[in-house]
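Welcome to a short tour of one protein model and its packing. Have the structure open beside you, and let us walk through helices, domains and ligand in turn.

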Amino acid sequence: MRYIGGKSLLTDKICGVINSEIPRVSSAIDIFAGSGAVSQSFKKAGYRTVSNDFLYFSYVMSYASVVLNKRPSFRNLGIADPIKYLNALKPENTDFRPSECFIYSNYSPVGDCERMYFQPDNALKIDVIRLTVEEWKSEGLIDDGEYFYLISALLGAVPFVANIAGVYAAYFKFWDSRTYKHLDLTEPVIINNGRKNESYNLDYTELLSKRFDLMYADPPYNSREYLPNYHILETIARYDYPEIHGVTGMREYGRQKSVFCKKNTVREAFETLIRDCRSVVVQADNAFKAA
Ligand SMILES: C[S@@+](CC[C@H](N)C(=O)[O-])C[C@H]1O[C@@H](n2cnc3c(N)ncnc32)[C@H](O)[C@@H]1O
């Protein structure tokens with residue numbers, strides 16, 4: 001996934017620095033995981049990998065790509081290929097009412113809504129897939145791993161039909177050609193590193209006392225908050241019918257305002273990170289310099 005400050009193009013360099021500077025790493029935490037690109041490269045390197053971000057959608061995607069060591073079996077569900085099943089869902093053949101469908105009602109131009117984030121048919125599809133997965137979970141048909149795997153597949157598909165220039169802080173006032181494509185879920189890529197990996201959805205301060213061989217710390221580096229740029233992915237992941245407001249239909253995000261994005265708190269935030277951390281810290285900029 002394209003992500004502000006994402007390090008997907010730098011993972012080889014980051015792992016190279018680690019290999020040369022800190023040999024014999026066995027466990028590593030990616031404490032500001034974002035897209036999860038670095039966590040995935042740690043997992044690939046064979047480290048027991050722990051991923052964390054205070055955005056819930058990031059946590060969900062990392063749960064699928066980092067915690068799971070194989071594709072879930074979906075044994076209790078009784079559907080051999082849930083991704084294929086979800087792709088084939090026809091909203092008109094489900095029991096979900098349009099009023100339950102939050103994305104359709106609020107982020108596509110239907111009724112009083114003028115927002116043009118998604119074509120109405122794709123918005124409705126996002127809703128019925130998300131609601132179906134929620135129903136399977138509440139009926140005990142899927143476990144946590146299966147739940148996060150399926151939501152992660154949905155989150156991975158959404159950017160390919162969204163009417164945006166990379167982030168959800170604004171939408172185009174015309175329909176980009178990609179919005180005419182049909183939403184199409186694909187299987188998340190799962191690699192097996194044979195380790196007990198973890199994913200957390202916590203403020204960074206809550207994990208500093210845990211001890212790892214390595215902490216990779218890539219916090220925000222300017223005043224741009226993350227949640228407003230990814231608010232729709234957060235809402236799809238949570239599906240919590242939030243209060244929204246403004247032209248873009250922004251959810252409230254008081255608890256997800258980052259101390260790293262404010263001039264008057266960023267210094268103390270770094271001091272806390274360095275002082276309270278019980279692991280060796282690699283900060284993104286240093287990794288670049290060393291590389
Ligand atoms: C520069 S991005 C990380 C990018 C990531 N390395 C990647 O490759 O995609 C910073 C991340 O820090 C998260 N973040 C900001 N403040 C946080 C906090 N107090 N606790 C946990 N996560 C936080 C943001 O949600 C964002 O995903």
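Let us begin with a pair of helices: α3 and α7 cross in a left-handed manner. Please keep in mind throughout that this is a predicted model. Helix α7 covers residues 144–157, and its axis comes within 8 Å of the axis of α3, at a crossing angle of roughly 115°. On the α3 side, the contact is made by Phe57, Val60, Met61, Tyr63 and Ala64. Facing them from α7 are Phe148, Tyr149, Ile151, Ser152 and Leu155. By class, this contact holds nine nonpolar residues, one polar residue and no charged ones.

**The other helix pairs**

Two packed helices can be described by the angle between their axes and the distance between those axes. Here is how the pairs of this model look in those terms.

| Helix pair | Crossing angle | Axis distance |
|---|---|---|
| α2 and α3 | roughly 15° | within 10 Å |
| α3 and α7 | roughly 115° | within 8 Å |
| α7 and α8 | about 155° | 10 Å |

Take α7 again, now with its partner α8, the helix of residues 231–238. Their axes pack at about 155°, and an angle over 145 degrees counts as roughly antiparallel, so α7 and α8 are roughly antiparallel to each other. The crossing in which α7 passes α8 is right-handed. Ile151, Leu154 and Leu155 of α7 meet Leu233, Ile236 and Ala237 of α8 here. The class count for this contact is six nonpolar, no polar and no charged residues.

How do α2 and α3 run relative to each other, roughly parallel or roughly antiparallel? Helix α2 spans residues 37–44 and helix α3 residues 56–67, and their axes cross at roughly 15°. Angles under 35 degrees count as roughly parallel, and α2 and α3 are therefore roughly parallel to each other. The crossing of α2 past α3 is right-handed. Its contact brings together Ser39, Gln40 and Lys43 from α2 with Ser62, Ser65 and Val66 from α3. Sorted by class, that contact of α2 with α3 consists of one nonpolar, four polar and one charged residues.

**Domains**

Stepping back to the whole chain, the domain assignment gives domain 1 as 9–70 + 192–220 + 258–291, and domain 2 as 72–189. Taken over C-alpha atoms, the centres of domain 1 and domain 2 are 29 Å apart. Seven residues of domain 1 and nine residues of domain 2 take part in the contact. On the domain 1 side of it, six residues are nonpolar, one is polar and none is charged.

**The ligand**

Which residues come nearest to the ligand? There are 23 residues around the ligand, and those coming nearest are Gly5, Phe32, Gly34, Ser35 and Ser258. The shell around the ligand is made up of 13 nonpolar, six polar and four charged residues.

How values were computed:
Residues numbered from 1 in each chain as written. Predicted model: local features only at pLDDT ≥ 70, side-chain atom pairs only at ≥ 80, totals over all residues. Near = placed C-beta within 6 Å. Nonpolar A, V, L, I, M, F, W, Y, C, P; charged D, E, K, R; others polar. Axes fitted to C-alpha atoms, helices over the stretch in contact; angles between N-to-C directions. Helix = DSSP H or I, 4+ residues; strand = E, 2+ residues; numbered from the N terminus. Parallel < 35°, antiparallel > 145°, perpendicular 65-115°, else oblique. Left-handed = near helix turned anticlockwise from the far one by under 90°. Contact = placed C-beta atoms within 7 Å. Domains from an automatic or database assignment.
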